[in-house]
Each structure stands twice: as C-alpha cells, then as structure tokens.
2 protein chains.
Amino acid sequence: MTAPFHIGMLLYPDLTQLDLTGPAQVLSRAPGVQMHYVWKTIEPIPSDAGLSLMPNRTFKDCPQLDLICVPGGAGQTALMSDDETLAFLRTQGASAKYVTSVCSGSLLLGAAGLLTGYKSACHWMYREFLPAFGAIPVNARVVKDRNRISGGGVTAGIDFAFTVVAEIWGEETAKTIQLFLEYNPQPPFNSGSPETAGPEMVAKVKKQLEAFTSARGKLINDVAARQKAAAS
Amino acid sequence: MTAPFHIGMLLYPDLTQLDLTGPAQVLSRAPGVQMHYVWKTIEPIPSDAGLSLMPNRTFKDCPQLDLICVPGGAGQTALMSDDETLAFLRTQGASAKYVTSVCSGSLLLGAAGLLTGYKSACHWMYREFLPAFGAIPVNARVVKDRNRISGGGVTAGIDFAFTVVAEIWGEETAKTIQLFLEYNPQPPFNSGSPETAGPEMVAKVKKQLEAFTSARGKLINDVAARQKAAAS
C-alpha cells in the first residue's frame, strides 16, 4: 500500500459526532494515513452534541480518497436529497478502494446509489429503510460486503474502524492501536441493543423519535422513487 | 437537580479527541444539560486525529460548572505547568459538584492540586505518575472517590460517561442513552489492556513512547516539587 492513504470523512451539520470521531480516532493512528474532513465549506460544523467540528477540505479541493466514510445523524436526512453531496459521494465512491459508513450514514450511501445489491449495517432504528435503496440490511455490529464496510449505530463506529484497520494494515496494527486507545470496553449496563434493552425501553425510544423517523422514512421513499425513475 | 446542569469539557491543543468526544456524546444526551467546550480562546483547537474542535467558551466567560471534565492527550503535558489553565481548573474545581477526567487528564487535575488524597484512574501507561501528585492510582476502567470520577485510557471515557449519567440522572436515563447510542461494544480483537495484549506488545508500545513518557515524567516531578514547596 502506497502512502499517504487518503481517508475522507464526511462532515455535515447536525451529524452525530461520535459516528465520526470514534472511527477517526482509530483510523488516524494507522501508518501513512492522511485524514480529510470534508464538507462544502471549511466553516465550523455544528454537531448534535453542542460541539462544532472543523472541516479541513471542501468537496472541490478533496483529492481522490482511498477510503470514504459517511457518518450518520439527524442531519443526514436533508442530505439524501442534496445533489451536491450525492454527486460528491458518487464521484468519490466510484474510485475509492473502500466505501464505508457508520450508523445512518449507510442511508446516505444508499441515496447516492452506492449500496444497490450490497449488505449493510445501520443504526437499529433505521435499518428497515435500507431495502428502499436496494441494500440488504444486516443486524450486525460491522458488515463487510466486497469493498463496502459499515458499522451499526454510533459506538459501532469504533468496532468498524478496528475491523477496517485489520483489513487494510493487518491484525497486529489493529491490536497495537487497540492497546494505545485502551479499547477494553466495560459498559456499566447492558442495554446497548434492542435485544438486550427489552421491548419496553425499545418502545419508549421509538416513540420519542416517532415524528423524526416517519419524516425520514417518507423522504427515503421519495428519493428511492426518483432513483428508480432515473434508472428506468 | 435544577436545569441547566452545566457540563464543561476542557479543550486544548493536541488533546486526544476521543477522550473528549466519547463522553461528550453520552453526557450531552442527559436531560437539562448545557455543554461548554472551554479553552483560553474560541479559535479552532487541533486534536491528535487531524480534526480540529471548536471551543464555545473561554475560561473568562465560562459559568460556574456543575461538572468539569478534563480529557487527556499529548498536549496535556505542557498544561501541567501552565498557570492560566491550572488557575481555571482550581477555581472551577473548588465549587463544581463533580471534578472528573479521562485518560491522562487526571494528571492535569493532579497538577492543579485537585487529586490529593483521591483515588483516580489514568491511561495504563501513565498511571504510575499519579502518586507524585498525592493521588492513589487504581487499575480500573472507571474510578469514583467522593465527587471525583475518572476514566482510564481514551475509550474508557465512554464507560466513564455512562457511570456519570447513572450517578446524576439515574440508571434508567443511562440505559436509554445506551440504547440510542447502540453501546453494545464488540471489539474484534482482545488487546485493549496491558493484561490482555501481553508483555511483547506492551513492551513495543512503551518503547515507541519512551522519550515522550520520560519527558512527561520529568515535568511531573518538577511540578510536584513546586507544589510541595508552595504547600510547606
């Protein structure tokens, strides 16, 4: 592998910041990597956690990436019908060695037409939307299908990134970074998946996001219908 | 508890970004929280991962915090002898309900004199430096001693934050956030602690950071000596 290895992470307003910052922490420690945080402008980008993140590349001045990673978050919804973002993803995705996502980022890859016929992970709450884009949803922390690699919801991005490092740089490198980052998780509770959280809590969380999920679903149907019309 | 609950996270050049962004993701989801990302200025702060983060408060315009959290990272070393930062931590720490840290952030709390007689966690590689500041090192993912709560290296900040949420807002709130963030970690490898990584890898990582660790240790001894002289 020739250095630098260009990794690009999409930044956008109201992303879930850990979707991006978790994998960025792991991937940036791999040898010969150059990290690009890419958006339309290089102005500060507000995230969901009240913390703004700084892009260091615009779509226009971003080199061809070896790996592109799309994080998720509430702001992802608007981008599924944003031509400029979709064009950037399509162009980069066509030549990137790896096309990857974390959380609901997979829906944005889907909207760009990059997941047709591919297995993919997604946040548990939005996984059901993947088939609208011709993708095959998989209930797993990390999913690999040819050169598509995806992580599930938010914190799955960390497991995703270690999988990516092992795939590209080998297991020894991944393990060394794991020791540096002391990635020896010990969640104090066990409600990190719908299966372990139980039906009551799942119902509560779904109810809290009902309006948001319904709006996202509606937009996905519209975008998918336009995709099909354009393809026929 | 009265809202807003003011959480302040220290930002500084060359911090390990996940030390801050991991806990920020979890804590910002707690009810009634106001997040403050605090540094001397509100200019972009370069992190170790090539990603710059934006402070939204300066030391001067930061309100009294209910919880202060100090992340770690290479840039922590210089701050241990930086009077402006230490004064900010001392002033806030004197009245905050919780004084907390992630990774080598505990050494900065120590340099500010805020850990004397307290048990604390730290990144496994730097834990041995805590006693210079009168702190009691504990080999644990999360350590609580009265109103001091600390996380171990980097990713331990996520476990730390769930512990904090449960402590302040209760277990049900912590579990709900855990489900939102799908915190159901499945590390693909098992080398996230010195105990599981084995002696060879530990030796390799220590060797890689030998010069840095030695310089950090030297500075800690100097700062601790000045602390003792000032106290006597």
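This is a predicted model: local features need pLDDT of at least 70, side-chain atom pairs count only at pLDDT 80 or more; totals for chains, interfaces and linings use all residues.

**Notes on pockets, symmetry and selected residues**

1. The second largest pocket is lined by 17 residues, among which A:Thr16, A:Ala74, A:Tyr126, A:Leu209 and B:Arg29 lie nearest its centre. Its space comes to about 290 Å³, and by class its lining divides into eight nonpolar, five polar and four charged residues. Here Ala, Val, Leu, Ile, Met, Phe, Trp, Tyr, Cys and Pro count as nonpolar, Asp, Glu, Lys and Arg as charged, and the others, Gly among them, as polar. A pocket is an open set of points on a 1 Å grid over the protein atoms alone, with protein on both sides within 12 Å along at least five of seven lines, whereas a cavity is a set where a 1.4 Å probe fits but cannot get out; lining residues have an atom within 4 Å of a point. Grid points are joined across faces, edges and corners, and a volume is the space filled by probe spheres set on the points.

2. Residues are numbered from 1 along each chain as its sequence is written, chains are lettered from A and ligands numbered from 1 in the order in which they are written, and side-chain values use heavy atoms, with hydrogens and water left out.

3. The largest pocket has a volume of about 350 Å³. Of its 19 lining residues, A:Arg29, A:Phe180, B:Thr16, B:Tyr126 and B:Leu209 are the closest to its centre. Helix H6 (171-180) of chain A and helix H9 (210-231) of chain B each supply at least two residues of this lining, which divides into ten nonpolar, five polar and four charged residues. Helices (H or I, at least four residues) and strands (E, at least two) are DSSP runs, numbered from the N terminus.

4. How are the two chains related? Chain B can be laid on chain A with an RMSD of 0.0 Å by a turn of 180° and a shift of 0.0 Å along the axis, which is the relation of a two-fold axis. The same surface serves both copies, in that 100% of the contact residues of chain B recur in chain A, where contact means heavy atoms within 4.5 Å. The superposition is by least squares on the C-alpha atoms of residues with pLDDT of at least 70 in both copies. Of the residues of chain B, B:Leu53 comes closest to the rotation axis, at 2.4 Å for its C-alpha.

5. An open sheet of four strands runs in the order S3(A)-S4(A)-S4(B)-S3(B), with antiparallel pairing. Strand S3 (45-46) of chain A and strand S3 (45-46) of chain B stand at the edges, each with a single partner strand, so one side of each is left without a neighbour in the sheet. Strand S4 (residues 52-54) of chain A pairs with strand S4 (residues 52-54) of chain B over three bridges, and the bridge partner of A:Met54 in S4(B) is B:Ser52. Two strands pair if DSSP finds at least two bridges between them.

6. A:Cys103, although not a glycine, has a positive phi of about 60°; it lies in the loop between strand S7 (98-102) and helix H4 (105-111) of chain A and is buried, with a relative accessible area of 4%. B:Glu182 also has a positive phi, near 45°, and is placed in the loop between helix H6 (171-180) and helix H7 (194-197) of chain B; at 9% relative accessibility B:Glu182 counts as buried. Buried means under 20% relative accessible area, with a 1.4 Å probe and protein chains only.

7. A search of the whole structure finds two cavities of 30 Å³ or more. The largest holds about 40 Å³ of space, and its lining includes A:Ser101, A:Leu115 and A:Ser120. A:Ser106, in helix H4 of chain A, is buried at 0% relative accessibility and touches residues including A:Ser101, A:Leu115 and A:Ser120.

How values were computed
Buried means under 20% relative accessible area, exposed over 50%, partly exposed in between (1.4 Å probe, protein chains only). Lists of a residue's contacts leave out its neighbours within four places in sequence.
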